[in-house]
Amino acid sequence: MSTPTARIARCVLVLGLLLAAAGCGGGPGHGRVTIMIPWSGNEFTAFYSVVESFEDETGIQVDVQVTRALTQQLDAAVAAGAPPDLAMLPSVGAIYKYADDAEEKDRELQPLHVPTSTYLEPFRGLAEVRGGVYAVPAKVDVKSLVWFDPTVTERPSPAALRTSGKWCLGLESGPTSGWPGADWIADLLLAQGNGDAYTRWLSGRLRWNSAPLKEAWTTWRNLVGTGAESAAVRNFGEAAAGMTTEPRTCSFTHGALSAMGFGKGQRYDYTTYSTTRRLEVSADFVGMFTDDNPSAETFIAYLAGTKAQQAWVNQGEGAAFSADSRVTYGNAVQRRIAALLRPGSGHTLCFGAADAMTPDVSAAFYRAVLDYATDASKDPTRLLDALDDVQKKLGSSPVPATKLCADPT
C-alpha cells in the first residue's frame, strides 16, 4: 500500500490545479476517483484512513487533491471543464451555487441516489435542493464550544467568560483567514437570544448594520481585547497552544473540536456561554461533479454509509462527528458533544452563518473580520455598511430560511 505522502505528491493541488486535474482525472470506468479536500494534519489523517479502507475493499484508486483555497480552485476547475469527480464543498451556499436550476442543461453538481434517512436535521435537509439530494454531510461539527484545560481552570460560568479577557485567538488561515472570528460573531448573535434575527439576517431581511448584528460584532471585539490585533497574523490551528505553554498566555478558546489542534494526551474540556440553547453547527458536504464515473458513485455511497462514518469518527485525531444517528463514540468528550446533535438534546442547531452564504459574501465577511480585529476605534459601522453593499450586489444566502435552524430529528 502506498503511503499518504507518496500518493498525495502525485495529485496535490497547488497553483497548477488544472494540470493536476488533467493528470489525475478519474474518467469513466477506470477504477479511479479524484476528490478535492481542504484538510491537513489530523483531519487529513482521519479522512485518509477511510480512503485506504475503501481502496482495500474495492480496488478503486482514490487520488486526493488537497488545497486550502478550495473555493477558488474548484471554481477554476469547473470553469475549465476539468472538475474533480468529487469535492468537499466549502459551504451549503456552494451546494446551491453548483446545483443549477433543474431546467439547466449542464448541471454542474450531480444529483445523488444515496439514502439519507439516518441523517439528522438540519444536515439532512441542507443537502437537498428542490427535493433532490445533491450532497452528503461527510462530517459535522459543533462550533459553539469554549475550550479550557480542566487541570488548571475551573469550569467557567457564561458570565465569567464574558469578562475573562484571556482568550486564545488566531485568525490566519491562508485564503480563508478571518473565519474563526466570523464563526464567533455568528455564535454571539445566537447567544443573544436572536434566533429570529439570525435567520432574517441570512435571508437578507435584516441589515448587517442593524442593532443585533452591531452588538454581536462589538461584543466579540470587547471579549478578545487587544489580542485581536495580533490574531490577524496568528494561525488559527496554533492559537489553542497558548493554554498549555509555559507560561500560559491564555485560558479559553472558541470553536469546533477539530479546529483546536489538541495533541495526544492533552487534557481539555468544553462549555458554552449561551443560555438560549441555540448552537452553531457546520458540516463538510461531499458532492459529485462528473456523471460518467461509476467509481465516483461507489465512493460517495461508501462515504455516506454508517460503516465509513463510524470508521472516520473512530480516528480520534480528527475529532470528527457524524450526522448519521447510528454512529457511536468512544471518547467521553466526543460523546457529550455528539449528544448535542441528537434528538432530545434540548438544543436548536443553526447552521454556521458564513457557511450558509454564497462563497463571495462569506469571503467579504472574513475580510471584514480581519479589518475589524486591527481597527483601534472598535467601531464596526463602516465595515457593516460595506457588507450591506456587498450583499445587495451579490445576494443573500440561497439557503431557505426554514432550513437554517432545526431541532435535531
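These questions and answers cover the disulfides, a pocket and the nonpolar core of a predicted model.

Me: How many disulfides does a search of the whole structure find?
Reply: The search finds 2.

Me: What makes C168 and C250 a disulfide?
Reply: The cut-off is a pair of cysteine sulfur atoms within 2.5 Å. The sulfur atoms of C168 and C250 lie 2.0 Å apart. That is within the cut-off, so the pair counts as a disulfide.

Me: Which parts of the chain does this pair link?
Reply: Distant ones. C168 sits in strand β8, and C250 in the loop between α12 and β9. The two cysteines are 82 residues apart.

Me: Why is the disulfide of C168 and C250 called right-handed?
Reply: Because the torsion about its S-S bond is about 100 degrees.

Me: How do you know whether C168 and C250 are buried or exposed?
Reply: Buried means under 20% relative accessible area. C168 has 3%. C250 has 8%. Both values are under 20%, so both residues are buried.

Me: Why does the pair C350 and C405 count as a disulfide?
Reply: The S to S distance is 2.1 Å. The limit is 2.5 Å, so this pair qualifies. The torsion about the S-S bond is about 115 degrees, so this disulfide is right-handed. It links distant parts of the chain, with C350 in strand β12 and C405 in strand β13, 55 residues apart.

Me: What makes C350 buried?
Reply: Its relative accessibility is 0%. That is under the 20% cut-off, so C350 counts as buried.

Me: Which residues are closest to the centre of the second largest pocket?
Reply: The pocket has a volume of about 220 Å³. Of its 14 lining residues, W167, C168, R234, T249 and C250 are the closest to the centre. C168 and C250 are the cysteines of a disulfide. β8, α11 and α12 each supply at least two lining residues.

Me: How do the lining residues of that pocket divide?
Reply: Into 6 nonpolar, 5 polar and 3 charged.

Me: Which residues have the most contacts inside the largest nonpolar core?
Reply: I35, F47, W147, W201, W217 and W220. The core has 136 residues. Helix α8 gives the largest share, 9 residues. In soluble globular proteins, nonpolar side chains tend to be buried together.

Me: What is W201 in contact with, leaving aside its neighbours within four places in sequence?
Reply: Its partners include A186, L189, W208, M357, F365 and Q391. Contact needs heavy atoms within 4.5 Å, so each of these partners has such a pair with W201.

Note on methods
Residues numbered from 1 in each chain as written. Predicted model: local features only at pLDDT ≥ 70, side-chain atom pairs only at ≥ 80, totals over all residues. Heavy atoms only, no water. 1 Å grid on protein atoms, 1.4 Å probe; cavity = no way out; pocket = protein on both sides within 12 Å on 5 of 7 lines; lining within 4 Å. Points joined across faces, edges and corners; volume = space filled by probe spheres on them. Helix = DSSP H or I, 4+ residues; strand = E, 2+ residues; numbered from the N terminus. Nonpolar A, V, L, I, M, F, W, Y, C, P; charged D, E, K, R; others polar. Buried < 20%, exposed > 50% of the residue type's maximum accessible area, 1.4 Å probe, protein only. Core = buried A, V, L, I, M, F, W, Y, C linked by side-chain atoms within 4.5 Å.
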